[in-house]
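Reader: I would like to go through this entry and ask what stands behind each label. Please set every value against its definition.

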Number of protein chains: 2
Amino acid sequence: MNTEEADFELHPQLAADSTSIADGPLSRLLLSEDARYPWCILVPRRAGAREIYALSEADQLQLLRESSELGRAMMDAFAGHKLNLAALGNLVPQLHLHHVVRYAGDAAWPGPVWGRHPALGYDEAARDERIAQLKAKLSPQWAWL
Amino acid sequence: MNTEEADFELHPQLAADSTSIADGPLSRLLLSEDARYPWCILVPRRAGAREIYALSEADQLQLLRESSELGRAMMDAFAGHKLNLAALGNLVPQLHLHHVVRYAGDAAWPGPVWGRHPALGYDEAARDERIAQLKAKLSPQWAWL
């Protein structure tokens, strides 16, 4: 673990809006606390990271690998129409990469999900079910929290 | 040029909403025809591509390289507060990756730019100036159109 990783702390806003479910080799995997959409977030455990292009090349490649594995797993698990990927960070500067499975006719379709509706909380059983479906599609490189 | 590339045609909606400005080793580089924001789009020249995770591993890596070079160049050229990166594709299924330089207080800040305002067209001199500023920051791997 290098210094950047030792100093990593999940931004309090991301912590408030999500459940931490696993750690990949680089990133913390979060489930967004909005049950409207299958919505996961990858947060590289690098203190101070803000932009993908400013990560080391090795970290950029690892983030790509984790993102592609996650995206494929989410689309397999939740049978969506389109995956939406985004690194925005206008409100929360800590680098985080959204992965949202979209369905034709979902609550924000065809617009983006951000800022459209207040989050719809999960009940515990639905959250557990969603996490279990995702876990079944991901490789053993993810350490479940 | 492989078959996928030979069969590539830019989606008519992307063609209508942007100016094609260069070709990288993998992607067509577009300038979005919305002068509100420095906004570029990368479109891998792969017929039928819809999701990043479904590209070949070599193409995924090349897209990452092109995206990181472009993102850094745009933030250098336009001195923004935050880069917004997104692959949405709910309206236009052809895989395309948005790069938008954001400023605190810009027209959509801090929300995402998609679907917020009608596009504000460029006048020709302003478009040329924006392209020249970008070109000055990009490497010779881009063939200018």
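Reader: Which element gives the largest share of the lining of the largest cavity, and how many residues is that?

Author: α3(B) does, with five residues. Helices (H or I, at least four residues) and strands (E, at least two) are DSSP runs, numbered from the N terminus. This is a predicted model, in which local features need pLDDT of at least 70 and side-chain atom pairs count only at pLDDT 80 or more, while totals for chains, interfaces and linings use all residues. Residues are numbered from 1 along each chain as its sequence is written, chains are lettered from A and ligands numbered from 1 in the order in which they are written, and side-chain values use heavy atoms, leaving out hydrogens and water.

Reader: What makes a space a cavity, and how many cavities of 30 Å³ or more are there?

Author: On a 1 Å grid over the protein atoms alone, a cavity is a set of points where a 1.4 Å probe fits but cannot get out; lining residues have an atom within 4 Å of a point. Grid points are joined across faces, edges and corners, and the volume is the space filled by probe spheres set on the points. By this rule there are three cavities of 30 Å³ or more.

Reader: Which residues lie nearest the centre of the largest cavity?

Author: Of its 19 lining residues, those are A:Ile52, A:Leu64, B:Ile52, B:Leu64 and B:Leu97. The elements giving two or more residues to this lining are α3 (57-78) and β4 (82-87) of chain A, together with α3 and β4 (82-87) of chain B.

Reader: How many residues of each class are in that lining?

Author: There are 14 nonpolar, five polar and no charged residues. Here Ala, Val, Leu, Ile, Met, Phe, Trp, Tyr, Cys and Pro count as nonpolar, Asp, Glu, Lys and Arg as charged, and the others, Gly among them, as polar. The second largest cavity has four nonpolar, four polar and one charged residues in its lining; A:Ser67, A:His99 and B:Glu51 are among them.

Reader: Why are the two copies described as related by a two-fold rotation axis?

Author: A rotation of 180 degrees with 0.0 Å of shift along its axis superposes chain A on chain B, with an RMSD of 0.0 Å. The copies are therefore related as by a two-fold rotation axis. The superposition is by least squares on the C-alpha atoms of residues with pLDDT of at least 70 in both. In chain A, A:Ala86 comes closest to the axis, its C-alpha lying at 2.0 Å.

Reader: How do you know that the copies meet through the same surface?

Author: Contact means heavy atoms within 4.5 Å, and it takes 29 residues from chain A and 29 residues from chain B. The copies meet through the same surface because 100% of the interface residues of chain A are also interface residues in chain B.

Key:
On a 1 Å grid over the protein atoms alone, a cavity is a set of points where a 1.4 Å probe fits but cannot get out, and a pocket is an open set with protein on both sides within 12 Å along at least five of seven lines; lining residues have an atom within 4 Å of a point.
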